[in-house]
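Please read them with the structure open.

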Amino acid sequence: MSKQHFSVWSDLTGVSFSQGFLDAGGIRTRYLSSGSPDKPLLILIHGTGGHAEAYSRNLAAHGEHFWTVAIDLIGHGWSDKPAGSYEIADYANHVLAVIKALGRERAHISGESLGGWVAAHLAIHHPEAVDRIVLNTSGGWTAHPEVMARIKRLSMEAVNDPNPERIRGRLEFLMHDTSKVNDDLVETRRAIYAQDGFAETMERVLCLQEMDIRRRNMFSDEDTRRIAAPTLVLWTSHDPTATPEEGQKIADLIPGAQYVVMNACGHWPQFEDAALFNQLHLDFLLDRKSA
């Protein structure tokens with residue numbers, strides 16, 4: 001019996017979606033989108049070194065209810081990669097420019113890892129631009145040297161020698177079940193990492209894995225208590241960056257936050273168990289009770 005083939009394209013089969021580029025404050029920004037612009041806007045933000053395909057298994061379910069736009073952050077994917085700062089405020093300004101370019105003043109924002117860090121920053125510093133937020137295995141509160149060193153090593157190995165095995169190793173860091181890293185996902189990321197000059201960009205992106213830079217971007221308890229947007233903190237049983245207990249502490253500091261843990265998932269629960277993620281995510285964003 002032949003092995004079943006999984007790919008980004010098979011994730012999107014039957015999905016009404018578009019891929020394109022928009023001008024976000026002078027940054028040519030690549031996006032994947034599903035759902036019509038007459039619906040509430042939902043921005044999906046990937047993690048460090050990631051790209052919009054992190055949400056390939058979520059566009060269909062969310063496009064039914066939201067104008068769902070997964071972006072490549074500045075310095076990532078196929079978006080522009082200017083020389084300069086890649087700290088959290090820089091990413092947040094990019095997302096604000098995306099919202100403006102889409103003709104909106106505010107959006108629901110869901111972010112994984114670095115994306116969650118950006119979502120929380122926006123909720124704290126630009127609450128007028130934020131409806132509901134989802135912090136999915138989010139950065140911004142923890143600084144574990146061994147985790148930071150591993151991310152730096154795997155990322156730089158992958159961009160300095162973007163062969164399929166190096167890329168696969170970087171993607172396997174994200175998954176509890178590493179068999180879910182399919183060949184198409186590897187090739188999608190390999191093509192991104194093989195871009196001219198991408199190693200230099202990755203070095204700038206990895207500034208948040210340097211302890212002094214990371215700490216000045218992290219949230220204090222006081223910062224966290226200022227988050228007024230309805231918030232879902234979503235963690236996993238096997239997240240490689242922080243424990244479920246650390247996720248619970250974040251949720252406890254945010255007034256009224258919901259907290260949920262997805263089992264048998266690592267750092268990409270939206271991909272590893274898309275059906276459950278979509279249910280939990282939509283229940284929160286639509287403010288409905290799970291059946």
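**Notes on the predicted model**

1. Helix H5 (residues 145-160) has 16 residues and should span 22 Å at 1.5 Å a residue; its end C-alpha atoms are 22 Å apart, which agrees. The expected span is 1.5 Å times one less than the number of residues in the helix. Helices (H or I, at least four residues) and strands (E, at least two) are DSSP runs numbered from the N terminus. This is a predicted model, in which local features need pLDDT of at least 70 and side-chain atom pairs count only at pLDDT 80 or more, while totals for chains, interfaces and linings use all residues. Residues are numbered from 1 along each chain as its sequence is written, and side-chain values use heavy atoms, with hydrogens and water left out.

2. The buried residues of H5 are Val 147, Met 148, Ile 151, Leu 154, Ser 155, Met 156, Ala 158 and Val 159. Buried means under 20% relative accessible area, exposed over 50%, and partly exposed in between (1.4 Å probe, protein chains only). Contact here means heavy atoms within 4.5 Å.

3. The chain as a whole holds 13 helices and eight strands. Its radius of gyration is 17 Å, close to the 19 Å that the globule rule gives for 291 residues, so the chain is as compact as a globular protein of that length. The radius is taken over C-alpha atoms, and the rule is 2.2 Å times the number of residues to the power 0.38. The C-alpha trace spans about 45 × 45 × 40 Å along its principal axes. Of the 291 residues, 57% count as buried. Among contacts with a separation of 6 or more, 72% are between residues 24 or more positions apart.

4. Ile 88, Tyr 91, Ala 92, His 94, Val 95, Ala 97, Val 98 and Ile 99 are buried in H3. Just after the helix, Gly 103 takes a positive phi of about 80°.

5. Which residues touch the most other members of the largest nonpolar core? They are Ile 43, Tyr 91, Val 95 and Ile 109, in a core of 95 residues. Helix H4 (residues 114-125) gives the largest share of this core, eight residues. Such a core is a set of buried Ala, Val, Leu, Ile, Met, Phe, Trp, Tyr and Cys residues joined through side-chain atoms within 4.5 Å. Leaving out residues up to four places away in sequence, Tyr 91 touches Leu 73, Ile 74, His 76, Tyr 86, Leu 114, Val 118, Val 205 and Leu 208.

6. Strand S7 (residues 231-236) has six of its six residues buried, so the strand is largely enclosed by the rest of the structure. Thr 231, Val 233 and Trp 235 point one way from S7, and Leu 232, Leu 234 and Thr 236 point the other way. In a regular strand the side chains alternate between the two faces of the sheet.

7. S7 pairs in the parallel sense with strand S6 (residues 130-136) over four bridges, and Val 134 stands opposite Leu 232. Pairing requires that DSSP find at least two bridges between the strands. Strand S8 (residues 258-262) runs parallel to S7 and is joined to it by five bridges, with Thr 236 opposite Met 262. From S7 the chain crosses through helix H11 (residues 244-253) to S8, in a right-handed β-α-β crossover. Right-handed means that, with the strands pointing away from the viewer, the path from the first strand over the helix to the second runs clockwise.

8. Nine of the twelve residues of helix H13 are buried, so H13 is largely enclosed by the rest of the structure. Among them are Phe 277, Asn 278, His 281 and Phe 284. Asp 283 also lies in H13 and counts as buried at 9% relative accessibility. After the helix comes Asp 287, whose phi is positive, near 55°.

9. Ser 7 lies in the segment before helix H1 (8-12) and is buried, with a relative accessible area of 7%. Apart from neighbours within four places in sequence, Ser 7 is in contact with Asn 182 and Asp 184.
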